[in-house]
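Have the model open as you read.

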Amino acid sequence: MKIRILSRNPKLYSTSRLVEAAKKRNHEVEVIDPIKCDLIIEKKKPTIYYKGHWLEETDAVIPRIGASVTFFGTAVVRQFEMMGTFTTTESQALVRSRDKLRSLQILSRARLGLPKTVFTNYSKDVTEILEHVGGAPVIIKLLEGTQGLGVVLAETQNAAESVIEAFNGLQARVIVQEFIKEAGGADIRAFVVDGQVVGAMKRQGKEGEFRSNLHRGGSASVIQLTDEEENAAIKAAKAMALGVAGVDMLQSTRGPLILEVNSSPGLEGIEEATGKDIAKTIIRYIERNV
């Protein structure tokens, strides 16, 4: 098969591992920088022009679209779909996953456990917002934040009010979530491919850090999911219509609570923690569908 990986940097761990896995299974593979694609839109023959050649006869694409290029990256994925190409992440699912508020609404509709969350249109009644999620401490998240950036733990009522008022003053949209104390600064990342959990790790924030992101110095270890956690991860990926997903969950006294469903989950942390060849699993997913 001819597989194209949409990635801005071929040297990134996830991109290079996917190239390696595809070549091992005798596929032709090329890394394409999505923002350097020209989309030719015409009746009956949508095409893509890239660095002097046409990207025709593509059997499958693997989108590795960064948050900063979501708009154009999604347009490139959509163009490939119009050309009849299989994609591991569909354009509509990619758009949905990048909208934190919409994602939470979709997950809520699927009756999945979530931390109690409030979103308002710059409401000045901050005290009431905090009461809706059980009072301080609370988590305040920028809707556009990624990799733990734009996430604040407000430990007191005064601190929470100050942070929300500051974000409101900047006209930055935020969601306010209850703080799950029993999670202890840790979360679970379940990696789902084609409706199956293919690996899971527990990520622990460094001492004094409530965010468990590996980019922020957190550590990862392999974990055996409970049936409830595995079912929640599979159901979340299905609700978001994602063939490949990283489902982030908190362990709580009322069961797993979904934090986020990532449409371009990194492979480095999960492969190192589990010792599994996740890249090969993604290539086999393509083979079954093309």
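Strand S13 (residues 196–204) is the top contributor to the lining of the second largest pocket, giving four residues. Strands here are DSSP runs of E with at least two residues, helices are runs of H or I with at least four, and both are numbered from the N terminus. The volume of this pocket is about 180 Å³, and its lining is made up of Val197, Val198, Gly199, Ala200, Val222, Ile223, Gln224, Leu225, Glu230, Thr274 and Lys276. By type, that lining splits into six nonpolar, three polar and two charged residues. Nonpolar covers Ala, Val, Leu, Ile, Met, Phe, Trp, Tyr, Cys and Pro, charged covers Asp, Glu, Lys and Arg, and the others, Gly among them, are polar.

Some ground rules: this is a predicted model, where local features need pLDDT of at least 70 and side-chain atom pairs count only at pLDDT 80 or more, while totals for chains, interfaces and linings use all residues. Residues are numbered from 1 along each chain as its sequence is written, and side-chain values use heavy atoms, with hydrogens and water left out. Grid points are joined across faces, edges and corners, and a volume is the space filled by probe spheres set on the points.

On to the cavities. There are two of 30 Å³ or more.

| Cavity | Volume | Lining by type |
|---|---|---|
| Largest | about 80 Å³ | eight nonpolar, three polar, one charged |

Which elements supply at least two residues each to the lining of the largest cavity? They are strand S8 (117–119), helix H6 (157–169) and strand S11 (174–178). Among the residues lining the largest cavity are Val118, Phe119, Ile164 and Val176, along with Arg173. The second largest cavity has a lining that includes Ile62, Pro63, Arg64, Val244 and Ile282.

Now for the packed interior. In soluble globular proteins, nonpolar side chains tend to be buried together. A nonpolar core is a set of buried Ala, Val, Leu, Ile, Met, Phe, Trp, Tyr and Cys residues joined through side-chain atoms within 4.5 Å. Buried means under 20% relative accessible area, exposed over 50%, and partly exposed in between, with a 1.4 Å probe and protein chains only. The largest core has 26 residues, and Leu107, Leu112, Ala236, Val247, Met249, Ile258 and Val261 touch the most other members. Helix H4 (100–109), strand S12 (186–193), helix H7 (227–239), strand S15 (244–252) and strand S16 (255–262) each give two or more residues to this core. H7 provides the largest share, four residues. A second, separate core has 24 residues, including Val29, Val198, Ile270 and Ala273.

Contact means heavy atoms within 4.5 Å, and a helix's expected span is 1.5 Å times one less than its number of residues. Val19 counts as buried at 16% relative accessibility. Leaving aside neighbours within four places in sequence, Val19 is in contact with Ile5, Val29 and Val31. After H1 comes Asn26, with a positive phi near 65 degrees.

Helix H2 (residues 70–82) has 13 residues and reaches 18 Å from first C-alpha to last, close to the 18 Å expected. Thr70, Gly73, Val76 and Phe80 are among its buried residues. H2 is followed by Gly84, whose phi is also positive, near 85 degrees.

Last stop: where is Gly266 placed? Gly266 sits in the loop between S16 and H8, and is partly exposed at 35% relative accessible area. Not counting residues up to four places away in sequence, Gly266 touches Ser14, Arg64, Arg189 and Phe191.

Key
1 Å grid on protein atoms, 1.4 Å probe; cavity = no way out; pocket = protein on both sides within 12 Å on 5 of 7 lines; lining within 4 Å.
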